[in-house]
Amino acid sequence: MEKKQYHINPVTLAMERVEHDLRYWLRRSGFYLLGGICLGIIFFFLFYHFFPSPREQRLIAQNEHLTTQLELLDGRVNQMQVVMYDLSQRDDNLYRVLFGAEPIPMEVRQGATQKMTYYDELSEMTNSQLAANLTQKTDMLEKELYVQSKSYDEIIELAKTQEVRMENIPAIQPVLNKDLTRVASGYGWRVDPVYHVRRFHEGMDFTAPRGTDVYATGNGKVTFVGHKQGYGNTVIISHGFGYETLYAHLYKSLCRVGQSVKRADVIALVGNTGKSTGPHLHYEVHYNGKPIDPRNFYFYDLTPEEYDRMVQLSNNFGHMLD
């Protein structure tokens with residue numbers, strides 16, 4: 001019950017009970033109502049921010065679980081990328097080298113990247129940065145795996161044709177040792193016998209009497225027979241797999257264009273035609289259209305001792321015969 005209130009009447013100096021009017025009761029009721037509303041708002045915000053609902057608690061737990069899974073998946077993708085890089089290095093620097101195949105360019109391995117707007121859209125998702133980064137890594141890894149798979153398919157086909165390849169690539173000297181007076185000049189910078197200036201010699205010169213047999217150094221097909229400026233009478237053989245051999249300054253050719261030849265078939269005779277200062281055979285090996293050192297292609301008919309002697313002879317002579 002409400003306590004009764006009294007006050008002293010200043011006129012009569014007597015204690016009188018205080019009587020409240022309607023305005024007083026309305027004002028007092030409004031004060032309590034406003035206070036209740038304020039306290040309700042305060043409690044609402046406190047519970048909303050610091051005490052999540054059961055549904056929010058479930059969503060938070062699910063989000064934390066997904067974040068953990070994404071982090072673990074990101075770690076696994078990083079490990080797979082390391083393995084993928086190691087496989088690509090072995091592929092380019094070992095397997096493809098063994099079979100004479102060109103390395104795969106990095107831009108081919110990685111392929112065309114997704115448009116950045118695609119990853120920008122991912123960044124708007126929950127755990128945006130991690131999701132976008134992981135998706136980008138997965139796309140890259142998928143492309144690299146596809147290219148690597150195709151590369152291994154190619155290597156398998158190369159392995160199947162390895163026997164044919166070994167029969168085709170140049171592997172013997174074009175002139176027999178018993179007819180070889182000396183190696184006149186090797187591959188590299190030499191002194192021109194006519195102009196007496198240094199120029200790059202793209203093959204090897206073998207001195208031998210005119211009419212000495214010249215042998216095909218590997219299986220292949222004759223693609224040129226005729227006269228070439230500076231080379232004189234010339235024969236060119238395509239061996240496939242990117243290899244081609246050239247035999248120049250010939251006295252006579254014993255083959256025709258389009259003819260298939262085997263290793264050690266006699267295809268011509270040593271001569272002194274073209275820009276030549278003495279009977280000899282000028283011999284070149286080309287790979288993918290570029291001349292390479294023929295000394296690396298005598299492994300079928302030279303012993304290690306004979307090979308060392310040939311290397312010394314080709315290095316010691318600073319002049320050439322053509």
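Hi everyone, this is a quick walk through a few spots in the structure above.

First, the ground rules. This is a predicted model, where local features need pLDDT of at least 70 and side-chain atom pairs count only at pLDDT 80 or more, while totals for chains, interfaces and linings use all residues. Residues are numbered from 1 along each chain as its sequence is written, and side-chain values use heavy atoms, with hydrogens and water left out.

Let's start with the core. The largest nonpolar core has 24 residues, and V214, V235, I237, Y247, I267 and L281 touch the most other members. By nonpolar core I mean a set of buried Ala, Val, Leu, Ile, Met, Phe, Trp, Tyr and Cys residues joined through side-chain atoms within 4.5 Å. Buried, in turn, is under 20% relative accessible area, exposed is over 50%, and partly exposed is in between, with a 1.4 Å probe and protein chains only. Among the elements giving two or more residues to this core are β9 (232-240) and β13 (266-270). β14 gives the most, with four residues. Strands here are DSSP runs of E, at least two residues, and helices are runs of H or I, at least four, numbered from the N terminus.

Now, T245. That one sits in strand β10. So is T245 buried or exposed? Buried, at 1% relative accessibility. Its side chain makes a polar contact of 2.7 Å with the side chain of H239. A polar contact is a pair of N or O atoms within 3.5 Å; within protein, one must be able to donate a hydrogen and the other to accept it, and residues adjacent in sequence count only if both atoms are side-chain atoms.

Next stop, D293, in the loop between β15 (290-292) and α7 (304-316). Which residue does the D293 side chain meet in a salt bridge? R295, at 3.1 Å, N to O. That term means a side-chain nitrogen of Lys or Arg within 4 Å of a carboxyl oxygen of Asp or Glu. The structure holds one salt bridge, and both partners are buried: D293 has a relative accessible area of 12%, and R295 has 17%. The D293 side chain also reaches the backbone nitrogen of R295 at 3.1 Å.

Last one: helix α1 (residues 22-50), where we find I37. At 44% relative accessibility, I37 is partly exposed.
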